[in-house]
Amino acid sequence: MEDRSTAVRPAPEADGRVLPVAEPLARLLPAGGLRRGSTVALPHASGSTSLLLALLAEASADGAWAAVVGKPGLGLVAASEAGLRLERLALVPDPGPDLMAVAVALLDGMDVVAVAGAERAGVRAAERQRLAARARQRGAVLVALGAWPGADLELSCTDAWWQGLGAGAGRLAARQVRVRARGRGVALGGRSAGLLLPAPGGAVAAAPEPGVERIRGRLSAERVAG
C-alpha cells in the first residue's frame, strides 16, 4: 500500500529551479521534481537503470539536456521507450581514467549528469564533494549510480518482480518495484510507492494497488469459468 505521505504531490517550483519528472515519481520527491543544484543517489538494485531513465525522461521532453557517463550497457532503444529525447542525451560510455574530468566538464553545460562507476574508478570523498559543489554552482542535477555518501536524496528500488510471464510461455510486460525516497526534505521514515519500471511500453507508471489486482484476477477467472 502506498504511504500516506505520497498521496499529495508537492507543486514544482515555477522559477525553473526544479526539473519536471513523471507524475508517479513527482509524488516521491520533496520538490515535486529534480531540484537544480542537488545530488541524487540511485543505489545498485534491480530497476535502478529504469529508474534513471524515468527520472531523465520528463526533463528532456521539457527541453533539458542530460548526460550519462560510465554506463556502456545503457540502451538507446530503452531510453527512447522510457520517453527520453535522444537528441538531448549525451553518452560517454567509457571515460576511462578521466571520469572526474568528464563529469566536471559536463556539469558546466548539461542540466542533468548521471555518473556510474565512481566506486570502480576509486573516486574519493573529496572528489565526490567537488562534483556535488560543481552541480550546486552550475545549477545542474548530479545523479550518482551507486553508493554516494552525502547525497541530498537517495532513491532505492526494492521488491522487484516481473509481470506478464506465464508458466513456461508468454512475455515480460512490466517490472513492479517499490521505490523509497530518503534525504533532505523527506520525513524521517522516508516516502515509498509501488511503481512499474518499466511499465508496458517502456515508461513509468504507478503500480496497481494489491487489492485491485486481486479483484481483477477474480473477475477474469469468473469470466473464464462462465
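This is a predicted model: local features need pLDDT of at least 70, side-chain atom pairs count only at pLDDT 80 or more; totals for chains, interfaces and linings use all residues.
Salt bridges are considered first. Side chains of opposite charge can pair when their charged atoms come close. A search of the whole structure finds 8 salt bridges. One of them joins Asp 111 and Arg 36, with the closest N and O atoms 2.9 Å apart.

Asp 152, at 15% relative accessibility, is classed as buried, whereas Arg 184 is exposed, with a relative accessible area of 61%.

Strand 8 and strand 9 are linked by the pair Glu 154 and Arg 182, which lie 28 residues apart. The side chains of Glu 154 and Arg 182 meet in a salt bridge at 4.0 Å, N to O. Glu 154 counts as partly exposed at 30% relative accessibility, and Arg 182 is likewise partly exposed, with a relative accessible area of 39%. Elsewhere, salt bridges that share partners connect Asp 108, Arg 134 and Arg 138 in one network.

Strand 9 also contains Arg 180. This residue has a relative accessibility of 24% and counts as partly exposed. A polar atom of the Arg 180 side chain lies 2.9 Å from the backbone oxygen of Gly 189. Arg 180 and Ser 156 are separated by 24 residues in sequence, but their C-alpha atoms are 5.3 Å apart in space.

Ser 192 is located in strand 10 (residues 191-196). With a relative accessible area of 2%, Ser 192 is buried, because the limit for that class is under 20%. Its side chain makes a polar contact of 2.9 Å with the side chain of Arg 178. Ser 38 is found in the loop between strand 2 and strand 3. Ser 38 is buried as well, at a relative accessible area of 9%. A polar atom of the Ser 38 side chain lies 2.6 Å from the backbone oxygen of Arg 35.

Empty space in the model was examined next. Rolling a probe the size of a water molecule over the atoms shows where such space is left. The largest pocket has a volume of about 310 Å³. It is lined by 20 residues, of which Glu 81, Pro 198, Ala 199, Gly 201 and Gly 202 are the closest to its centre. Helix 2 (48-61), helix 3 and strand 9 (170-183) each contribute at least two residues to the lining. Strand 9 provides the largest share of this lining, with 5 residues.

Leu 86 has a relative accessibility of 34% and counts as partly exposed.

Two features of backbone geometry remain. Most residues other than glycine have a negative phi, and most peptide bonds are trans. The peptide bond from Leu 197 to Pro 198 is cis, with omega near -5°. Pro 198 is situated in the loop between strand 10 and strand 11 (205-206), and this proline is among the residues closest to the centre of the largest pocket. Asp 159 has a positive phi of about 55° although it is not a glycine. Asp 159 is part of strand 8, and at 59% relative accessibility this aspartate counts as exposed.

Note on methods:
Residues are numbered from 1 along each chain as its sequence is written. Side-chain values use heavy atoms; hydrogens and water are left out. Helices (H or I, at least four residues) and strands (E, at least two) are DSSP runs, numbered from the N terminus. Buried means under 20% relative accessible area, exposed over 50%, partly exposed in between (1.4 Å probe, protein chains only). A polar contact is a pair of N or O atoms within 3.5 Å; within protein, one must be able to donate a hydrogen and the other to accept it, and residues adjacent in sequence count only if both atoms are side-chain atoms. On a 1 Å grid over the protein atoms alone, a cavity is a set of points where a 1.4 Å probe fits but cannot get out, and a pocket is an open set with protein on both sides within 12 Å along at least five of seven lines; lining residues have an atom within 4 Å of a point. Grid points are joined across faces, edges and corners, and a volume is the space filled by probe spheres set on the points.
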